[in-house]
Amino acid sequence: MRLGVDFGTSRTTVAYVDRGNYPVVSFEDSNGDLHEHIPSVVTLKDNTLVFGHEAQDLAAQGYPSLRSFKRLLADPQITASTTVRIAHRDFFIVDIVTRFLHHVATQLRESSSITSLCNDDTLLEAAVGIPAHAHSGQRFMTIEAFRNAGWSVLSMVNEPSAAGFEYTHRHAGTLNSKRTTIMVYDLGGGTFDASIVSAQGTQHEVIASRGHNMLGGDDFDILLAQMALRAASLSSADLTDMEWAQLVTHCCEVKESLHANTRFMTLEVCGKIVTIPVTDFYEAATDLVDETLATLTPLLHKSDEARFILPENVAGVYVVGGGAELPLVSRILRTEYGRRVHRSPHASASTAIGLAIAADVEAGYTVRDTLARGMGVFREADYGDEVAFDCLLEPELRLNSHKEITVTRTYRAAHNIGYFRFIEYTRVDETGVPRGEIAPLAEVFMPFHRNLQVGTIDLSCVPIERTSDGPLVQEKYHVDVHGIVSVEIIDLDTGYTVRTSLLRDKSNTHA
């Protein structure tokens, strides 16, 4: 069975391929009620991890829980060995993600609207989503968690790109010879992404993407919870961790019940009933929406002079994501960008539907995406006394959806040891120094002197010296179809090679 899986920060949504249609899967909770999502929640009960709807119910009863755990993967410091604490126990974050995705697979087979189509032997083949601005480690850990949970991963597609599929499937008539691109505005539970996507029939190409890994619907929930505390004359210090988590959940439910005509919100804070005018909440939340506009503006304009004027070639702004269901979001976007703003009728499921389209071979949809972040290296210079930075892969590098891209550099080594500190970055300044968000990747030592290529020598303890007879060295950078980068550093004189994936906490291999 072919599926599109949107592993979301607050909710996970699945759509499936059904003869050119892409219905959203419904899941049954313990009360027999159906929901078009599984809550991305984990709860600890009797030293056992529980996921999804059951976890959400237990969390409401006061059991220790962890929400929005996907958001943790967006931290560049997260590695496969990173742990999180639930109650008084530590768990590997990758293990939690893997077990949650196994839970989703189990629910599909046992308690979903397509249970009759699935059994234990059914191969669950899926196109899976990833935030467009995700770093390499986040991409690697996500795809590995899916595979380890028993999924057959057909492809990994940037979430705004998937929403672009859903747009052209639904609104193909808005695209013409003059208006060939769409702006996808994707405000999820934990992240914000925006992409300019060019579409010609079923062929798509991502022109550029920008994102904010720590901005999403969760932040609106926290804002409302803080306002509720002030209205109750309380502070966060007056609540236990459990009471705070329950208040944020309550605020999320109240926020999601808002519609265009709502005037007041009634909330319960530690037994106190408070009322907050919607206008006050919207006024406070406008800064968060403005932050999304500031993030996407460089995709449309090189300066702020025409910030809120859509270029003529943009057919529309497509608003998707659970966080974008807040009426304030569409209201501000329409005020700024006019009538070319369209909100998906399935905002929370748009990405899953687009991923199902991507999984459907007969649909023929393709996308040529870009590398969301650049990749470069700090290396030795001037006898090891100085450090130079080289850009290796530029941001917005065009990816190939069918095969990996290889970038090669060849040079004569000038030192006895190469010490490479690889990083991801969002931009460089006029001098070529990386700026903006910088995420460290791997540190790699490469012995260039032949005497250092034998045995097990701790190269970090060997002084770096300049040489005049260094070997001819070749660096090969491989970018796979998912945007994950690996490197080979080869001594062409001896054949000695160092290979590594450019991920934190990954060891090198030698040949």
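When I say helix or strand today, I mean DSSP runs, H or I of at least four residues for helices and E of at least two for strands, numbered from the N terminus. With that in hand, Asp46 is in the loop between β6 and β7, and that's where I'd like to start.

Quick housekeeping. What we're looking at is a predicted model, where local features need pLDDT of at least 70 and side-chain atom pairs count only at pLDDT 80 or more, while totals for chains, interfaces and linings use all residues. Residues are numbered from 1 along each chain as its sequence is written, and side-chain values use heavy atoms, with hydrogens and water left out.

OK, back to Asp46. Its phi is positive, about 50 degrees, and it isn't a glycine. Most residues other than glycine have a negative phi. Asp46 sits in the hairpin of β6 and β7, which has two residues between the strands. Is Asp46 buried or exposed? It counts as exposed, because its relative accessibility is 65%; the cut-offs are under 20% relative accessible area for buried, over 50% for exposed, and partly exposed in between, with a 1.4 Å probe and protein chains only.

There's another residue like that. Ala87 has a positive phi as well, near 55 degrees, and you'll find it in the loop between β9 (83-86) and β10 (89-92). At 38% relative accessibility, Ala87 counts as partly exposed.

Now the sheet around that hairpin. It's an open one, three strands in the order β7-β6-β8, with antiparallel pairing; two strands count as paired if DSSP finds at least two bridges between them. In general, strands of a sheet pair through backbone hydrogen bonds. Which strands are at the edges? Those are β7 (48-51) and β8 (65-67), each pairing on one side only. On average, neighbouring strands here are turned by 20 degrees against each other, direction ignored.

Take Thr43 as a landmark: it's opposite Val50 in β7, and its bridge partner in β8 is Ser65. As for cover, four of the five residues of β6 are buried.

What packs on this sheet? Helix α1, residues 52-60, lies across β6, β7 and β8 and runs at about 60 degrees to β6. Contact here means heavy atoms within 4.5 Å.

Next sheet. This one is open too, five strands in the order β5-β2-β1-β11-β12, and the pairing is mixed. The edges are β5 (38-39) and β12 (152-158). Strands β1 (residues 2-6) and β2 (residues 11-16) pair in the antiparallel sense over four bridges, with Leu3 bridged to Tyr16 in β2. Helix α9 lies across β1, β2, β11 (125-130) and β12, at about 145 degrees to β1.

Among the residues making the contact are Phe165 and His169 of α4 and Ile353 and Leu355 of α9.

On to the cores. A nonpolar core is a set of buried Ala, Val, Leu, Ile, Met, Phe, Trp, Tyr and Cys residues joined through side-chain atoms within 4.5 Å. The largest has 49 residues, and Val329 and Tyr337 are among those with the most contacts inside it. Helix α7, residues 278-300, gives the most to this core, with 10 residues. Apart from it lies another core of 44 residues, including Phe27 and Leu124.

Last stop, Gln474, in strand β26 (residues 472-479). Gln474 counts as buried because its relative accessibility is 16%. Not counting residues up to four places away in sequence, its contacts include Thr408, Arg409 and Glu488.

Notes. Axes fitted to C-alpha atoms, helices over the stretch in contact; angles between N-to-C directions.
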